[in-house]
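Subject: Structure handover

Hello,

I am passing on the structure we spoke about, and my notes follow it. Please have the sequence and the coordinates open as you read.

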Amino acid sequence: MPVDQSLVGREFPPTGPRQVSEDDVRAFVTATGGRYDGGPAPATFPIVLAFDAMNAFLEAESIDLFRIVHGEQKFAYERPVVPGDVLSATLRVAALRQIGGNDIITTASEITDADGALVCTTGATLVHRAAGA
Amino acid sequence: MSAAPELAAQVFTITRADLVAYAEASGDHNPIHQDDDVARSVGLPGVIAHGMYTMALAARAVSTWFPAAEVVSLGAKFTNPVVVPAHGGVQLEVAGEVRQPAADGLTTVVLTVTCGGQKVLGMPKAVLRG
């Protein structure tokens, strides 16, 4: 079933604030084959927050995660994420189109800190493979 | 910034165990990164790496080349899946080229990310400061 066109422009509630610990950053760095000696998180770490927001969006719209393939991701940073940050992500559906039975969903998320200051904006294109496609 | 325009390519190996660890660390538990049957059911050739895993390795390469730089922006399209075999691993190569530093002091690194000689990211690029 195609994703509802009326979603375009809709903003979803911010994800529950998540405190970033040194252990979170270490696990992320280690999983990508690096070694963490303290300091800022790697550039792709904010995907953890963006993914929270995407999961909430998919759940709200009853979209199966396993039918989603990532098409594109981009980040624009105001500052790096550091351990101790308390972050939340607010996702907006920016565009939606259908190609060959698949939905191409473009989202834009803002990741903000405990003071409400912008840490990074991130945009994703998600390819939703319809059942039977 | 004093880096040669030619950056030494970096090679990473991706295994299924890496994808399990990454799923835990990132919260991305999409089963297409763990289960061949689910991956095939949505038309993929088998388990594929998280696109963000590949991008994380590309970002690691950039931070190895420019350890002191701050990343201003980073992005890529996921144009071809990185299929990760059940046993052993698959090699990912990250090459980079510095574009002429702009007047604003930012440096653009244009990346080429390949797996078995095939590009897997479209227009991967990082913009750096400092």
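Which strand of chain A is joined to β2(B), and how many bridges join them? The strand is β2 (residues 68-77) of chain A, and 5 bridges join it to β2(B). The two strands run antiparallel. Within this pairing, B:Gly75 in β2(B) is the bridge partner of A:Lys74. Please keep in mind that this is a predicted model.

The contact between the chains

Chain A puts 29 residues into the contact, and chain B puts in 33. On the chain B side, the elements that give two or more residues are α1 (16-26), α3 (51-65) and β2 (70-78). That side is made up of 19 nonpolar, 8 polar and 6 charged residues.

Chain B as a whole

Chain B contains 3 helices and 6 strands. Their order along the sequence is β-α-α-α-β-β-β-β-β. Taken along the principal axes, the C-alpha atoms of chain B fill a box of roughly 50 × 30 × 20 Å. Of the 130 residues in chain B, 38% are buried. If we take the contacts in chain B between residues at least 6 apart in sequence, 62% of them join residues at least 24 apart.

Helix α1(B)

Which residues of α1(B) are buried? They are B:Asp18, B:Leu19, B:Tyr22, B:Ala25 and B:Ser26. These residues lie on the same side of α1(B), because they cover an arc of only 125° around the axis. In general, an α-helix has 3.6 residues a turn, so residues three or four places apart point the same way. The buried residues of α1(B) pack against elements of both chains: α1 (22-31) and α2 (47-60) of chain A, and β1 (6-15) and α3 of chain B. After α1(B) comes B:Gly27, which has a positive phi, near 85°.

The nonpolar core

The largest nonpolar core has 69 residues. The members that touch the most others are A:Ala50, B:Tyr53, B:Leu57, B:Ala58, B:Val82, B:Leu92 and B:Ala126. The element that gives the most to this core is α3(B), with 9 residues. As for B:Ala126, leaving aside its neighbours within four places in sequence, it is in contact with B:Val62, B:Val71, B:Leu74, B:Val109 and B:Leu111. As a general point, nonpolar side chains tend to be buried together in soluble globular proteins.

Regards

Note on methods
Residues numbered from 1 in each chain as written. Chains lettered and ligands numbered in written order. Predicted model: local features only at pLDDT ≥ 70, side-chain atom pairs only at ≥ 80, totals over all residues. Contact = placed C-beta atoms within 7 Å. Helix = DSSP H or I, 4+ residues; strand = E, 2+ residues; numbered from the N terminus. Nonpolar A, V, L, I, M, F, W, Y, C, P; charged D, E, K, R; others polar. Pairing = 2+ DSSP bridges. Core = buried A, V, L, I, M, F, W, Y, C linked by C-beta atoms within 7 Å. Buried ≥ 20, exposed ≤ 12 C-beta atoms within 10 Å, placed from the backbone. Arc of directions from axis to C-beta.
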